[in-house]
Amino acid sequence: MKVSEVLESRRAYWRALEELCTKLRGRALRRMEAATASRFSSLYRAACADLALADAYQLPPSTVHYLHQLVARAHNQLYRSRAFAFRAWLYELFVAVPQRLLADNCLRLAFVVFWGIFAGAGLLAYYTPDFAEQVVGRDELMGIENMFADAKDGRPIDQSARMAGEYVYRNPTIGLMCFCWGLVFGIGGLYIMISNALILGAIFGYMAKAPSATNFFHFVTAHGPFELTAVVLCAAAGMRLGFAIVNTGGYTRGDSLRRTAKVVVPMLFAGVLLFLVAAGIEAFVSPSAIPYELKAGVAILCTLMLLFYFVFLGYPRRSARATG
Amino acid sequence: MADHAAELDTSIEIVTPENIAFQYRVAGPFRRLPAYLIDLIIRLVAVVVGIYVLMLLFETLGLGEAGRGAGLVLWFAVAWFYGGLFETYWNGQTPGKRMMHIRVVSADGQPIAGWQAVLRNVLRFIDGQPLFSYQVGLIAASLNRRFQRLGDLVCGTMVVVEERQRLDGVMRVGDPEVLEMAALLPPNFQPSRTLARTLAAYVMRRVYFSVGRRMEIAQHVAEPLCQRFRLPPQINPDLLLCALYHRVFVHETEVQPVRGSSPFGKMGTGSEPVGAGFGRRGSGEVPVPIFPDAPRDDYAVQETPPEPPIPAFPPAWRQRRR
């Protein structure tokens, strides 16, 4: 059998596969009939076999090249990207992740570093007169002081919505950037986290002895727990990822990175989620005119939820350890 | 030889679950940059139009300020998750990638999962350093075989070219001279695979060469064949290869040479007009092979011609028959 005859006999099938590939790329995938699907797969397998036998058939190089592309296209239509399986994600988020987080050294380190520096900067700013000015800058401090000079009696709802948008844009962006910088051997994100902790701590310490301290704490109490935890989570996720390059655990550096990436994504996801909830609280609860006790109640509730998530859900269980 | 080609090429071999290896060409920066720019424009337009519509909408609802907030939320979502969502639900493509015919796949050829799509697009930020000039990504991509930027390296993904090529048939070399020459070849000659591949590559490309260049290229293959077939050495090498190609790829039917017009008869006179693109070699010209010690084993005559069975869908397990 000559090559030209082989080509003629196979050409119709290849064309058919090509047409199906084009059709499946669009919206036809959902309403595809079973017969079409099985026809597609048998055509694909036939093309695979043709490619395997191309050498034995002595097909010309251009035809072999064509077959490579045809098989690649069909392969991409057959094996498609897997979207998020939301049930699996729920399990991951509420069962697997908390257990991993409680045992995560990076999270412990990030937690201690962030809160340690935050508290240290706060104390320094409270007891030394010009620490806050040196860290934050005089004009910024004045601006913040003016912002809280008069008691807020709530905002109109549309202004709150605008601020919610602003918080949603600003805060998770800082968190995600912090995560990305973590890739620099785990210490890049540390810098952003430390600078944030320093500035925030200095502002807290400074405002605590300022005349408008009541207004300030009125504002920051409610959303504080979620927002600050979210920063820690994002930074820890970045640190974990970047540190996988340094401490490979016996794998090559690339493999170690890839193994860690899968673990880190839910952590980042949890961080962004916390940021979004915190933005909602910051925009609608924090500036409202409800009494301070209620706002403190929100803060306590948030803290309890975090404790429940990290400690109760995350407490190591034998079954989880056995399986994973 | 194949190994050297693989080292030079930007193609990556993938083994599918069907146990077949096929090749992808990896997309380099010159294909990914236009795709990125297209996506950038789409993102900008989407954000501008979206903010405009949202602000109009909230204005009519009497909540003017809220529109700006909603616009910022949209901006945040598009800036960080545009690529991730499209690549998840469009099977590894964004609109820009689809226009440039490239696709994100896992490094092992599998399709990407949602977390890979999202993470590689979040990490775009670090690849874009400094100041969205993408120097980090460019350097990282040029340091590995698969052009993976940092985000790709972390997620184990790569961007491949998904081109479509027209299926060419067999080249037509049906000139009478070729047919005559084909009839003169030994009837039981069966070329080796490498020779067949060489013939196909040569005939496919010879139309792009000048006559002199064709001679120069063809004679390296034609000379040992001439000796084997006991053909006169001054035979036109281009013509010989075309005849062989015709014999191997196109037709088996014997063509009777027209009486009194042997192709050798015309050789060496050099006075006839050049017809059908076959140049003629001058009479006194001695061919100078460029690589006189080139290996000749490729041209071995196979005694048993391979005749693989070709059912409608050839089962793969029958391929090792010989």
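Of the 324 residues in chain A, 51% are buried, where buried means under 20% relative accessible area, exposed means over 50%, and partly exposed is what falls in between (1.4 Å probe, protein chains only). Keep in mind that this is a predicted model: local features need pLDDT of at least 70, side-chain atom pairs count only at pLDDT 80 or more, and totals for chains, interfaces and linings use all residues. Residues are numbered from 1 along each chain as its sequence is written, chains are lettered from A and ligands numbered from 1 in the order in which they are written, and side-chain values use heavy atoms, with hydrogens and water left out.

Chain A has 15 helices and zero strands; helices (H or I, at least four residues) and strands (E, at least two) are DSSP runs, numbered from the N terminus. Take the contacts in chain A between residues at least 6 apart in sequence: 79% of them join residues at least 24 apart. Contact here means heavy atoms within 4.5 Å.

Now for the nonpolar cores, each a set of buried Ala, Val, Leu, Ile, Met, Phe, Trp, Tyr and Cys residues joined through side-chain atoms within 4.5 Å. The largest has 82 residues, and the members touching the most others are A:F179, A:M193, A:L241 and B:L119. Helix α13 of chain A (residues 253-284) puts in the largest share of this core, 14 residues. Leaving out residues up to four places away in sequence, A:M193 touches A:A110, A:V113, A:F114, A:C178, A:V231 and A:A235. There's also a second, separate core of 62 residues, which includes A:A54, A:Y66, A:L67 and B:F22.

On to where the two chains meet. Chain B brings 78 residues to the contact and chain A brings 75. About 7300 Å² is buried between chain B and chain A, with carbon and sulfur atoms giving 66% of it; buried area is the accessible area (1.4 Å probe) that two parts lose on being put together, summed over both. Six residue pairs are in polar contact between chain B and chain A (both at pLDDT 80 or more). A polar contact is a pair of N or O atoms within 3.5 Å; within protein, one must be able to donate a hydrogen and the other to accept it, and residues adjacent in sequence count only if both atoms are side-chain atoms.

On chain B, the elements that each supply at least two residues to the side touching chain A include β2 (21-26), α5 (114-122) and α12 (237-250). The most comes from α3(B), with 14 residues.

B:Q93 counts as buried because its relative accessibility is 3%. Its side chain makes a polar contact of 3.3 Å with that of B:R98.

A few spots in the chain B backbone deserve a look. Most residues other than glycine have a negative phi, and most peptide bonds are trans. B:H101, in the loop between α4 and β3 of chain B, has a positive phi near 60°, and counts as partly exposed because its relative accessibility is 34%. B:R230 also has a positive phi, about 55°, and lies in the loop between α11 (211-229) and α12 of chain B. With a relative accessible area of 74%, B:R230 is exposed. Finally, the peptide bond from B:Q129 to B:P130 is cis, with omega near -15°.
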